[in-house]
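Hi,

Here is the structure you were waiting for. Please open it alongside this note; what I found follows below.

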Protein chains: 2
Amino acid sequence: MDGPFIGKLRRFATLTREEMSLLREATANARKVTARHDLIREGDRPGPVFVMLEGWACRYKILPSGTRQVLAFLMPGDSCDLHIGLLAEMDHSIQTITPAVVATIERADMDQLMDGHRGVAKAMYTAQLVDEGTMRAWITSMGRRTSIERVAHLMCELYLRARNIGLTSEPYLTLPLSQLLLADSLGMTPVHLNRVLRELRETGAMELHRSRLVISDPNKLIKIAGFDENYLHRRLRLVA
Amino acid sequence: MDGPFIGKLRRFATLTREEMSLLREATANARKVTARHDLIREGDRPGPVFVMLEGWACRYKILPSGTRQVLAFLMPGDSCDLHIGLLAEMDHSIQTITPAVVATIERADMDQLMDGHRGVAKAMYTAQLVDEGTMRAWITSMGRRTSIERVAHLMCELYLRARNIGLTSEPYLTLPLSQLLLADSLGMTPVHLNRVLRELRETGAMELHRSRLVISDPNKLIKIAGFDENYLHRRLRLVA
DNA sequence: ATTCGATAATAACTTTAATCAATATGAAAT
DNA sequence: ATTTCATATTGATTAAAGTTATTATCGAAT
């Protein structure tokens, strides 16, 4: 077992033994963090790169009106932007959703790691490109998908991403995301999300009960979502 | 005069004479492109990096229903993702909006340029981070801003970005974007956008007539938008 | 076992934006 | 000057999603 971070990078590039061992070293400083803890806040001067080793987190922004927009979900293996240190201040915050284990890699170490090790660089850049593709998919969802399509699309995305890192047990997935949080990520109200979830349950495509996502009919869900996984840049089918 | 590309990079990092001269060489292959020409399409295998030297372009996606979502606007000096070549296929398309002049930099040349020249690398990475911040701002707009706030926010963004590259003549800006295109970028219908533009005109904050954006009352517009330029990562005020 | 607080579910009502349908306007081409 | 086409504007109607309010459920703590 590599751990989720190295595991993820290995799906994006071939890593040498040395590279893996260096990555293990670099993330050896992992520490436990409680749920709902801000790893970094909008306006802060960026520090080291965060790497999620266990648990979930999200990027978010708070608007003047006090509403929140969730910008991305981070799962085990995910990290924040590798060149974040180039910026003077963060334009968004990152908060844990569940209790988590988080490693940090200092910018200098990261630079050194990537300069000397093309495999690591390639894997990190690919991960970044996938994150960007995901942002584009979110913009598309928000702009042009109906609420039911949008919810279905996010569930497809989260299911696939979770499956990539072995978090699923076939049609089930433990999604530690409250309806409030999901609503804040989908640009809708919790009340409306709740209605849409009922609608999705009634179609028989999926159900989300408490923290348990069951994809009862993957093809139906994909069809509702208009889901095309190409933006995740993995040749992996939702249905085998 | 450096041209918009080098000009932009110089705002993000100090470039040596040699770096600038190499960048000039790398973009010497610029060619003219007509308006509404796809530089690359979703599903294509990515090729070289595109650099806009003149004219505007946009990234977009077409949904199964045939609707379009514009994901970003590219102005002179902007380029597409530098590591794009790592991906097997594009997850979106890029199309010129106006007649344009576009240079291309082969991946190998780009890698070499960035490997040996930290200034170029730093500037390119910073540009990428700003693009990501912009995507996050768009997600936030789509998810949590009302339509009038959303329109005002985009106008603030475009005005500031255009001003950074010297495209404005004080309160005016030539915005070669039809209401249809703007609507596709804002996740709304052209009809509704038209009504919102009227509303904005009536507040006295700004008016958009044909291709001419006039920001009559910058402070009012900023206030309506809830605009905080931090995501553009430049210490520049909309009002001096 | 009971209380508490967070989360979820549902209903009634209001607001916002989409849809459908005409018209109008303006620039370019003849 | 007139035609043409894309773009923009406006109105009437419908549909989608937000708001407010109430109640239900569940797990954790006492």
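**The sheet in chain B**

Strands β4 (residues 57-62) and β6 (residues 93-96) of chain B pair in the antiparallel sense, over 4 bridges. Cys58(B) stands opposite Gln95(B) in β6(B). Keep in mind that this is a predicted model.

That pair belongs to an open sheet of 4 strands in chain B. The order is β2-β6-β4-β5, and the pairing is antiparallel. β2 (38-40) and β5 of chain B stand at the edges. Each has a single partner strand, so one side of each is left without a neighbour in the sheet. From one strand to the next, the twist averages 35 degrees.

**Helices in chain B**

Helix α1 (residues 4-12) of chain B meets α4(B). Their axes come within 8 Å and cross at roughly 90 degrees. That makes α1(B) roughly perpendicular to α4(B). From α1(B), the residues involved are Lys8(B), Leu9(B) and Phe12(B). They meet Val120(B), Lys122(B), Ala123(B), Met124(B), Thr126(B) and Ala127(B) in α4(B). By class, the residues of this contact divide into 6 nonpolar, 1 polar and 2 charged.

**Where the chains meet**

Which strands of chain B does helix α4 of chain A lie across? Helix α4 (residues 118-144) of chain A lies across β4 and β5 of chain B. The helix runs at about 130 degrees to β5(B).

**Around DNA strand C**

How many residues surround DNA strand C? There are 16. The closest come from both chains: Ser178(A) and Gln179(A), then Ser147(B), Val191(B) and His192(B). The largest share, 5 residues, comes from α7(A). By class, this surface has 5 nonpolar, 7 polar and 4 charged residues.

Over to you.

Best wishes

Notes
Residues are numbered from 1 along each chain as its sequence is written. Chains are lettered from A and ligands numbered from 1 in the order in which they are written. This is a predicted model: local features need pLDDT of at least 70, side-chain atom pairs count only at pLDDT 80 or more; totals for chains, interfaces and linings use all residues. A residue is near a molecule or strand if its C-beta atom, placed from the backbone, lies within 6 Å of it. Helices (H or I, at least four residues) and strands (E, at least two) are DSSP runs, numbered from the N terminus. Ala, Val, Leu, Ile, Met, Phe, Trp, Tyr, Cys and Pro count as nonpolar, Asp, Glu, Lys and Arg as charged, and the others, Gly among them, as polar. Axes are lines fitted to C-alpha atoms, for helices over the stretch in contact, and angles run from 0 to 180 degrees between N-to-C directions. Angles under 35 degrees count as roughly parallel, over 145 as roughly antiparallel, 65 to 115 as roughly perpendicular and the rest as oblique. Two residues are in contact if their C-beta atoms, placed from the backbone, lie within 7 Å. Two strands pair if DSSP finds at least two bridges between them.
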